[in-house]
Amino acid sequence: MTGVTLEGAIKRYGQTQVIHGVDLQIEDGEFCVFVGPSGCGKSTLLRMIAGLEETSEGTIRIGQRDVTHLDPAKRGVAMVFQTYALYPHMSVAENMGFGLKMNGVAKAEIDRKVQEASDILKLGPYLKRKPKAMSGGQRQRVAIGRAIVRGPDVFLFDEPLSNLDAELRVEMRVEIARLHKEIGATMIYVTHDQVEAMTMADKIVVLRDGRIEQVGAPLELYRNPDNMFVAGFIGSPSMNFFDCDVVDGKLTHPALSAPLEPPAPIPAGASKVTLGLRPEHIGLDHDGDALSVDLTEALGGVSYVYLTASNGDKLIVEERDDERSTEGSRVSLILRPDRAMLFDAESGTRLR
Amino acid sequence: MTGVTLEGAIKRYGQTQVIHGVDLQIEDGEFCVFVGPSGCGKSTLLRMIAGLEETSEGTIRIGQRDVTHLDPAKRGVAMVFQTYALYPHMSVAENMGFGLKMNGVAKAEIDRKVQEASDILKLGPYLKRKPKAMSGGQRQRVAIGRAIVRGPDVFLFDEPLSNLDAELRVEMRVEIARLHKEIGATMIYVTHDQVEAMTMADKIVVLRDGRIEQVGAPLELYRNPDNMFVAGFIGSPSMNFFDCDVVDGKLTHPALSAPLEPPAPIPAGASKVTLGLRPEHIGLDHDGDALSVDLTEALGGVSYVYLTASNGDKLIVEERDDERSTEGSRVSLILRPDRAMLFDAESGTRLR
Amino acid sequence: MSASTDIIDSEPESWFHRNQQAIAPWLFLAPGILFFVVYVIAPVFQSFNLSLYEWDGLGQAEYIGMRNYEDLYYEWVDRDAFYTSLKNNLIWLVLYLLAIPAGLFIALLLNQTVFGIRLYKSLFFFPFVISQVVVGLVFTWFYDPTFGLLNQMLGVFGMGPINVLGNEHLVTYGIIAAGLWPQTAYCMILYLTGLNAVDPEQIEAGRLDGAKGIKMLWYIVLPQLRPATFIAFVVTIIGALRSFDLISVMTQGGPFGSSRVLAYYMFEVALSEYGFRMGYGAAIAVVLFMIMMCFITYFLWSMYREEKGH
Amino acid sequence: MFPTPIEKQPKAAQITYKALLPVALLLWLGPLLAVALFSVKPDADFVNANYWGMPSSFEFFQNYGQVFFNSDMPRYMLNSILITVPTVIGAVALSSMTGFALGIYKFKSNLWIFFMFVAGNFVPFQILMVPVRDLTLDLGLYNTKTGLVLFHIAFQTGFCTLFMRNFIKALPFALIEAARVEGISEIKIFWYVVLPLMKPALAALSVLMFTFIWNDYFWAVVLTQGAESQPVTAGITSFNAQFRAAYHLMSAGSIVAALPPVAMFFLMQKHFIAGLTLGAVK
Amino acid sequence: QVSGDLSIFLDTSNPAPRATMEAMIERFGEKNPDLNIEITVIDREAYKTQIRNFLTANAPDVATWYAANRMKPYVDAGLFDDVSDLWAEPMFADDLKSTKGAMTIDGKQWGVPYTYYQWGVYYRKDIFDELELSAPTTWEEEKVNCEKIVASGRACYTIGTKFLWTAGGWFDYLNMRTNGYDFHNQLANGEISWEDDRVKQTFANWKELIDMGAFIDNHQTYSWQEALPFMVNGEAAAYLMGNFAVAPLRDAGLTDDQLDFYQFVSINPDVELAEDAPTDTFHIPSAAKNKEAAREFLRFVASPEEQTIINDGKNLGQLPVNSKSSVDDDKFLQKGFVMLSENSPGGVAQFWDRDAPAEMAKVSMEGFQEFMVKPDQVDKILAKLERARGRIYK
Ligand SMILES: Nc1ncnc2c1ncn2[C@@H]1O[C@H](COP(=O)(O)OP(=O)(O)OP(=O)(O)O)[C@@H](O)[C@H]1O
Ligand SMILES: Nc1ncnc2c1ncn2[C@@H]1O[C@H](COP(=O)(O)OP(=O)(O)OP(=O)(O)O)[C@@H](O)[C@H]1O
Ligand SMILES: [Mg+2]
Ligand SMILES: [Mg+2]
């Protein structure tokens with residue numbers, strides 16, 4: 001068993017606490033993705049697991065071993081950095097074999113393992129090159145190779161693809177997913193890219209200000225977020241939120257042509273709730289008059305319509321295929337109530 | 001008339017020719033976007049128009065004037081750089097007014113123009129600030145303001161948004177589109193971002209290796225590309241291409257369950273053609289058996305299915321809403337023949 | 001928005017205006033080049049020329065061909081002053097390089113963030129700021145055979161007084177030690193900034209790979225400090241070849257000329273009390289120049305590669 | 001960060017480190033502290049062989065007063081200032097221009113001219129000695145501060161050009177292009193766009209130059225003589241001749257001579273170090 | 001009375017002589033109120049290199065220098081003004097006759113002396129008394145004395161050879177006592193091989209002293225002033241030096257009871273005693289602007305009154321060059337005066353580095369210094385000097 005367990009993990013820098021008691025269980029062989037806004041503590045948490053940051057309180061276990069105060073090299077983890085962190089003065093092969101060399105592994109054994117890893121990553125032809133002479137994607141692959149060679153129980157990735165351009169990112173994303181399937185090790189992956197998180201993760205951990213907001217499978221978070229934060233964070237373009245008044249148990253909002261039956265029971269006495277609807281779950285009635293079309297952005301297959309309600313609220317609706325709203329025209333919404341979500345107006349927690 | 005005309009424009013660096021005789025007509029008030037792979041000569045072409053690079057051969061006209069050998073300052077163009085290129089030691093107002101000041105325009109006149117521009121860009125509150133104290137988006141707005149102040153006939157933008165993060169990019173994109181509508185000047189815009197090109201352009205110029213591949217309105221390029229390069233370049237994920245054999249006037253390919261009626265006449269004697277189909281124009285038949293599902297990437301609203309045909313060809317199909325193929329299962333394709341395109345297998349030109 | 005403004009007028013441009021970009025650099029360069037050519041480049045060639053003459057700086061110069069060089073050659077063969085100077089120059093070159101590891105050591109010692117470290121860093125750097133003349137004086141007293149701090153300290157360990165500057169075997173090393181003091185400080189600062197620029201992620205990668213202490217230094221940090229090392233190397237070599245002030249202040253080349261280096265010897269021959277053999281001095285300078293030229297060429301070559309690399 | 005931050009090490013190591021630092025510093029600066037000590041001792045201490053003990057009386061004012069009011073020291077200091085300041089201004093001005101020309105414009109001989117400056121900067125300056133001395137004599141500038149200043153400006157232009165050019169080269173070129181598109185003449189680009197951006201480099205280089213020139217000894221000896229125009233580095237030797245074997249006064253004199261660059265260093269520390277590392281090479 | 005500007009360069013940078021010269025110039029100024037005099041004092045060692053520069057570049061009207069060979073390069077280069085006209089005046093012709101030779105090159109005179117001084121052995125009389133020694137007159141006595149001094153834990157002689165010429169003094173005396181005054185001149189003129197047996201004999205004599213530990217240790221690191229404390233502190237008993245050493249020794253606290261003087265002992269009875277008595281001089285550079293005032297100044301300096309004042313014990317403490325002036329009754333000056341005028345039959349030399357050409361002086365004095373540190377290397381050193389001789393006197 002080489003899952004990773006965090007129990008009440010806390011990190012303080014001097015006086016300021018940046019991780020507030022995180023409890024998390026990552027199963028053996030799982031691909032776990034940390035997401036969250038910038039500065040929420042994703043990297044810090046990852047680095048605590050790696051041992052690069054000390055854990056102020058709580059315990060970290062890898063498999064059965066308590067590694068909280070262990071040396072990074074002893075934890076059986078390997079890390080892939082955003083900037084690759086390849087040693088620029090070593091060739092690809094040396095980069096990959098360096099960790100083993102430091103641990104006194106025999107030359108032949110190192111060569112064998114490097115060969116193995118470079119086969120997996122198709123790096124064979126580049127083994128003699130210096131990182132400088134390689135493209136970003138190749139470098140990242142070397143960095144991954146370096147991690148593989150050490151045969152760690154847990155792979156840690158800190159935004160490994162964010163320095164690559166869009167195309168390469170797609171390619172490498174697929175590559176990492178394939179790798180995970182192939183070697184089956186536990187992987188923890190930090191990203192701020194929606195698509196990466198959604199497509200790669202077995203489990204997504206949404207962090208905010210050093211606390212876990214929700215943990216779950218990607219589509220679960222998408223379909224069934226626990227609160228407004230997660231609902232707004234997952235999905236692109238973001239979910240549209242309407243601050244509705246509750247009138248006679250129904251929801252009213254200037255953008256809605258008619259009062260809406262709430263998709264979930266409204267707590268007694270609440271006079272305001274927030275209604276959430278994703279752009280792809282709203283249709284447009286071109287004969288309506290509730291909102292005006294600011295702008296349409298046609299991307300080919302889809303287009304996004306930017307709308308403004310009479311009270312100034314903005315929202316975005318997705319149109320598909322060949323329907324295109326013209327800018328300046330007036331429309332109203334066609335909702336799919338089964339996909340609408342209700343949130344407490346104050347705390348933002350989901351109402352179900 | 002202040003359109004821009006290029007006639008046989010050629011650029012050489014020493015021996016190497018990087019722009020190979022470009023002919024292009026950009027109308028007055030048009031928003032023209034240059035796209036193309038990295039290194040194709042987008043920036044070079046733009047800088048030739050600006051006068052920052054000398055034109056080796058051919059003529060460049062702005063309005064009626066031949067500006068081929070004119071000083072940049074005399075061409076009536078203004079340029080917005082990717083890195084903003086704001087003078088860090090000057091306040092926003094000074095940045096915007098600097099060009100006028102150096103050219104001896106009276107103080108009052110400068111102030112008026114700066115005021116005007118800052119009103120357009122809502123920079124009023126920041127006029128006294130130094131660029132350092134502003135966000136990327138604000139800086140880019142100042143850079144645009146600086147261009148506006150000079151009242152040029154033509155605005156040139158070289159990837160102005162690529163240093164901004166995703167959110168800001170969307171915001172500024174909308175802003176520039178609005179600006180174009182407001183002042184109506186001719187604008188030439190270089191980008192490598194699909195979405196920017198598709199959403200902003202009146203006219204897209206697709207470049208490749210210093211040559212124009214196709215010029216047209218965004219949706220025209222999307223729907224009616226002239227060749228495989230443009231078809232593949234415009235649209236994301238890319239169009240799927242099938243190298244089909246022509247058998248009895250029909251198209252066969254391992255990915256196709258049955259021979260396909262060609263969507264366009266096949267030239268006499270051609271035994272191979274390439275069929276192009278966008279991911280969003282293919283459906284999946286889960287009872288089929290022609291291809292296997294490698295991977296599904298669920299992004300929430302849509303998901304992409306990665307398929308492999310029996311001959312190893314890869315393709316991507318878009319699925320919407322709640323349909324999800326499971327990895328490893330076998331499927332076959334449901335095509336929309338009206339959306340299929342046919343290309344010459346060798347030259348890549350569209351067959352219609 | 002009006003489309004045309006006063007900027008766009010097509011009045012005929014002046015010749016200067018049209019060719020501005022071609023002329024401007026030369027205008028900017030002119031004063032600098034003028035000064036530099038008159039005071040640096042031309043004198044180098046004049047020295048080459050002068051080295052073929054015999055001239056006491058007062059009367060008429062007499063052309064003597066390669067005689068000065070022949071004399072140098074004989075001085076070399078006879079193990080005379082020229083030989084000593086050249087030999088000492090080599091010793092300087094080699095030993096002066098110790099400033100590099102020493103500077104690295106101190107930089108590593110000081111690359112911390114404890115309270116007051118900034119002050120420590122600047123105090124350690126201090127010797128570099130002081131004039132070599134003062135450094136020379138300070139070390140002369142330090143070495144003084146009777147009351148010098150060195151001998152006082154040796155006395156504590158029961159070792160006899162040694163007269164560093166009076167011993168022809170020790171004197172060069174003694175002066176070099178004095179020179180190493182500011183030079184080490186210089187290298188230290190270069191390394192401190194170099195260490196600042198070391199990619200922390202690589203250090204972390206190294207930690208994950210199990211590299212520690214010396215291994216980390218050798219395999220990961222030092223290779224990244226290459227630019228700092230290169231610069232330290234260049235300035236140290238130059239410093240070693242130019243060494244003049246210290247020798248002049250501390251020993252005047254003595255005792256019996258055993259601490260001379262080329263730079264000092266040429267000064268002595270050309271401009272000191274018993275000197276004024278200008279041509280001979282120029283010949284020595286030419287030899288020194290040739291040695292330096294190896295390093296200059298190396299430096300320019302690596303610079304050239306870098307420029308072309310971009 | 002390498003080495004591992006001391007805070008992350010055991011308490012014992014931390015304490016040792018913090019205790020050792022001042023000791024190391026004392027050793028490192030030992031010779032200087034000795035001179036400082038000498039400079040406040042009375043003459044009698046040297047006669048009585050009390051070299052290293054506490055001063056028997058504290059003669060700060062006595063000794064330094066002697067230096068300031070009873071020797072040529074103030075004159076030498078003034079000379080140093082009159083030599084150093086114009087040199088710094090001149091060299092920095094010239095090299096801003098050359099640096100601008102070499103950093104901004106692309107023309108064929110660019111790199112070669114640049115290399116000329118760099119190579120000249122590394123030339124063993126002894127080779128210039130005889131011709132420069134003759135040149136200065138011919139110009140009638142021998143034994144004048146002007147002669148020294150002119151030479152220093154010329155010689156330092158090599159280093160300063162290297163420094164400035166590299167700095168300017170690192171400026172975003174788009175700034176220049178933006179200005180050109182706006183129709184700003186090259187001179188004005190230099191003056192209004194580039195020069196303000198070079199402020200940090202100008203400051204760093206000025207500070208660096210100040211110490212280089214102030215500490216120059218060789219050229220002071222070659223091109224000047226006597227209290228009339230010699231700077232303090234050369235002056236200190238004749239000062240020492242005047243007070244031969246009067247260690248307390250020699251020490252005080254040395255300290256006075258070293259003071260301005262040291263003060264400069266402490267006041268402008270940031271710029272100074274930036275200068276060393278930016279320009280990289282002396 | 002003269003007027004205009006008069007610029008004077010002095011190398012008398014030590015405090016006492018400096019004050020003397022400044023006072024003298026002030027007196028000259030009082031006599032010539034219309035004259036605007038500017039004095040530049042340059043460090044004595046630095047002066048030696050700088051004289052070339054200022055003679056060609058910005059010449060003063062009057063400059064100090066040294067007599068004999070030392071002024072020859074400047075005379076040859078035409079940098080000094082011919083002042084034979086002054087020497088034709090009665091005062092010079094008659095009263096300064098004794099130094100005329102030292103000022104003459106090519107039959108013309110090129111400057112005017114203002115002082116000269118004897119060399120000899122200054123010793124600590126109190127130490128000699130304590131050890132019951134008396135001033136020696138012969139080489140044997142000298143060595144016996146020295147042995148006793150060394151046995152008492154002292155060095156016989158202090159010396160600081162950092163600037164080399166002090167060793168030149170020792171060589172001069174040993175050589176002139178061993179081989180005579182003419183030999184000295186021939187050697188200085190490059191007419192005799194350094195590997196000549198007579199030269200070797202000089203060194204052999206020297207070595208005797210060195211081997212018995214007569215000289216202080218580490219002399220190569222000291223200047224002559226830095227060597228004074230050894231004598232003051234009683235660590236050394238004597239100093240072979242010029243008379244200018246008396247002033248600092250007195251300043252350091254030695255009384256006339258403690259300090260005494262004797263003439264360097266005779267070594268080879270076959271040669272006549274000869275002395276070193278370097279003459280310091282004033283010259284008018286050819287490029288001087290106010291030669292009239294300069295000549296007036298030289299007349300003033302050479303006048304018996306001024307000679308008396310500036311050379312007296314309170315001032316330079318040296319010997320006047322004008323025979324009409326009176327020698328101070330300072331005991332050292334008196335002894336020196338007597339020695340030079342009555343007991344120097346062999347002749348009076350200027351000094352090794354003034355009589356030999358500069359290059360040879362430099363190389364040889366370096367050799368002397370090396371010899372004093374490593375007396376066993378004598379053959380190697382002499383061979384080196386011989387090679388240098390071959391090169392220098394072409
Ligand atoms: N060395 C440090 N000292 C003090 N605070 C720190 C330190 N390192 C990080 N922090 C703080 O800890 C918080 C979490 O930082 P962290 O780098 O983990 O965020 P992140 O989620 O990785 O952000 P990003 O997406 O920008 O990489 C931030 O508020 C940051 O300011
Ligand atoms: N100064 C130059 N000398 C030689 N070749 C150059 C120079 N500048 C650009 N090129 C070449 O010209 C071609 C076009 O470059 P350009 O910068 O216009 O491409 P681009 O389309 O803007 O690319 P990107 O999207 O990466 O900005 C490239 O192949 C480049 O290598
Ligand atoms: Mg992070
Ligand atoms: Mg570009």
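Predicted model: local features only at pLDDT ≥ 70, side-chain atom pairs only at ≥ 80, totals over all residues.
In chain D, 73% of the contacts with a separation of 6 or more are between residues 24 or more positions apart.

Chain D has 16 helices and zero strands. Its C-alpha atoms fill a box of roughly 75 × 65 × 30 Å along the principal axes. A compact globule of 282 residues would have a radius of gyration near 19 Å, whereas the value for chain D is 24 Å. Of these 282 residues, 65% are buried. The accessible surface of chain D is about 9900 Å², and carbon and sulfur atoms hold 70% of that surface. As for charge, chain D carries 17 positive and 12 negative side chains.

The next topic is how the chains meet. Eight pairs of chains touch, and the pair with the most contacts is C and D. Chains A and E share no contact, and their closest C-alpha atoms lie 50 Å apart. Chains B and E do not touch either, and here the nearest C-alpha atoms are 50 Å apart.

Ala81(C) lies in helix H4, which covers residues 81-96 of chain C. Is Ala81(C) buried or exposed? Ala81(C) counts as buried because its relative accessibility is 12%, and the cut-off for buried is under 20%. Leaving aside neighbours within four places in sequence, Ala81(C) is in contact with Glu75(C), Arg260(C) and Tyr265(C). Tyr265(C) is 184 residues away from Ala81(C) along the chain, but the C-alpha atoms of the two are separated by 7.8 Å.

Chain A has an annotated region. The UniProt record, an unreviewed entry, places the feature "domain: ABC transporter" at residues 4-234 of chain A. Over residues 4-234, chain A is 37% helix and 26% strand.

Some details of the backbone remain. Most residues other than glycine have a negative phi, and most peptide bonds are trans.

Which residues does a cis peptide bond join in chain A? The bond is between Ser236(A) and Pro237(A), with omega at about -5°. Pro237(A) sits in the loop between helix H8 (228-233) and strand E11 (240-247) of chain A. In chain B, a cis peptide bond joins Ser236(B) and Pro237(B), and omega is about -5°. The loop that holds Pro237(B) runs between helix H8 (228-233) and strand E11 (240-247) of chain B.

Positive phi values come next. Tyr84(A), a residue other than glycine, has a positive phi near 70°. Its place is the loop between strand E6 (77-80) and helix H2 (92-102) of chain A. Tyr84(A) is buried, because its relative accessible area is 9%. In chain B, Glu159(B) is also not glycine, and its phi is positive, near 45°. Glu159(B) belongs to the loop between strand E7 (154-158) and helix H5 (166-183) of chain B. With a relative accessibility of 12%, Glu159(B) counts as buried.

Terms used
Residues numbered from 1 in each chain as written. Chains lettered and ligands numbered in written order. Heavy atoms only, no water. Helix = DSSP H or I, 4+ residues; strand = E, 2+ residues; numbered from the N terminus. Rg over C-alpha atoms; globule rule 2.2 N^0.38 Å. Buried < 20%, exposed > 50% of the residue type's maximum accessible area, 1.4 Å probe, protein only. Contact = heavy atoms within 4.5 Å. Areas by Shrake-Rupley, 256 points an atom, 1.4 Å probe, with all protein chains shown as cover. Lys, Arg positive; Asp, Glu negative; His and termini not counted. Charge placed at Lys NZ, Arg CZ, Asp CG, Glu CD. UniProt positions renumbered as here; feature names shortened; annotations may be inferred.
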